[in-house]
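I opened this model to look up how its chain is put together, and I kept my notes in the order in which I looked.

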Amino acid sequence: MAKSLQETYCSEVRKQLNYFAAWMPNIIFKPGDFGTLSGNLFSPLGSLTDLGVSFEVGQRGNYTHFAYQSSSVKTSQLQSTIDVSGIQPAKSGLKIEFGAENACFMRLRGCVPIEIVNIQGVDLELLRLREIGQWQDEWAYIFQVQQTEKTLIGVSSTKNGSLELELNSPHIGQFLDDLSVGFKTTNSSDLATYIEGKENLTP
């Protein structure tokens, strides 16, 4: 049986970035949310605060950038536009061809880990709740998320999926590295999921 879109996205992120993505990138979760985990897929039930468990959340580590694309994805530069002086290109175009169903293209700028800082205390409280039947063995909770400053994620619905962007720079390499170049979408086709430029996601 073919994998679902969510299963493909989650397994790709796990395999390539060594990080658990247990939900689709447009869904926002927070440290302390709990639910069931089936394979790579997380189904929420509530927050630990609903169970009377208190916890502290803080930032761990520095900002970083993630770049990943499926092996079938190919990028190419489109014709640049010239600035009014006629001296150099002011903008350029980028075409992304996915090449396979459920193929992923992902660029995450300014990722920072947000996590529960008193995990030991939380685990002890959950053990107590388990003893009185208020915490189930099949439940899991989120202790860390990667919160992004800027996001571009595309997942194709067919092998013909494509995306065209106009970049505010002639340097597509800079955009592909860290999304530090402004951009807008000019054309897209056969995309199952497309998230452009949104902040504070937890993909």
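**Entry 1: serine 169.** I began with the surroundings of serine 169, which, leaving out residues up to four places away in sequence, touches Ala90, Lys91, Ser92, Gln174 and Val181, where contact means heavy atoms within 4.5 Å. I found serine 169 in the loop between strand S11 (162–167) and helix H3 (172–178); helices (H or I, at least four residues) and strands (E, at least two) are DSSP runs, numbered from the N terminus. Serine 169 counts as buried because its relative accessibility is 9%, and buried means under 20% relative accessible area, exposed over 50%, and partly exposed in between (1.4 Å probe, protein chains only).

**Entry 2: what I am looking at.** I note that this is a predicted model, in which local features need pLDDT of at least 70 and side-chain atom pairs count only at pLDDT 80 or more, while totals for chains, interfaces and linings use all residues. Residues are numbered from 1 along each chain as its sequence is written, and side-chain values use heavy atoms, with hydrogens and water left out. The mean pLDDT of the chain, pLDDT being the predictor's confidence in each residue from 0 to 100, is 83, and 84% of the residues reach 70 or more. I looked up where confidence is lowest and found helix H1 (residues 5–17), with a mean of 68, whereas it is highest in helix H2 (residues 119–131), at 96.

**Entry 3: the chain as a whole.** I counted three helices and 13 strands, and of the 203 residues 38% count as buried. Among contacts with a separation of 6 or more, 72% are between residues 24 or more positions apart. The chain exposes about 10900 Å², of which carbon and sulfur atoms supply 47%; these areas come from the Shrake-Rupley method with a 1.4 Å probe, and for residues only the protein chains shown count as cover.

**Entry 4: strand S7 and its partners.** Strand S7 (residues 104–116) is mostly covered, with 12 of its 13 residues buried. Which strands pair with S7, taking a pair to need at least two DSSP bridges? I list what I found, each pairing being antiparallel:

- Strand S3 (residues 57–59) joins S7 antiparallel through three bridges, and valine 57 has isoleucine 116 as its bridge partner in S7.
- Strand S4 (residues 64–69) pairs with S7 in the antiparallel sense over five bridges, with phenylalanine 66 opposite leucine 108.
- Strand S10 (residues 150–156) runs antiparallel to S7 and is joined to it by six bridges; methionine 106 stands opposite isoleucine 153 there.
- Strand S9 (residues 144–147) is joined to S7 by four bridges, also antiparallel, and valine 112 has glutamine 147 as its bridge partner.

**Entry 5: an open sheet.** I also found three strands in an open antiparallel sheet, in the order S2-S1-S8. Strand S2 (41–47) and strand S8 (139–141) are the edge strands, each pairing on one side only. Strand S1 (residues 33–38) is joined to S2 by six bridges, and threonine 36 stands opposite serine 43.

Entry 6: Where does serine 156 sit? Serine 156 belongs to strand S10, and it is buried because its relative accessible area is 0%. Its C-alpha atom is separated by 4.2 Å from that of leucine 191, 35 residues apart along the chain. Asparagine 102 lies in the loop between S6 and S7, has a phi near 65°, a positive value in a residue other than glycine, and counts as buried at 11% relative accessibility. Aspartate 190, in the loop between strand S12 (183–189) and strand S13 (191–196), has a positive phi of about 55° although it is not a glycine, and is partly exposed at 35%.

Terms used. Two strands pair if DSSP finds at least two bridges between them.
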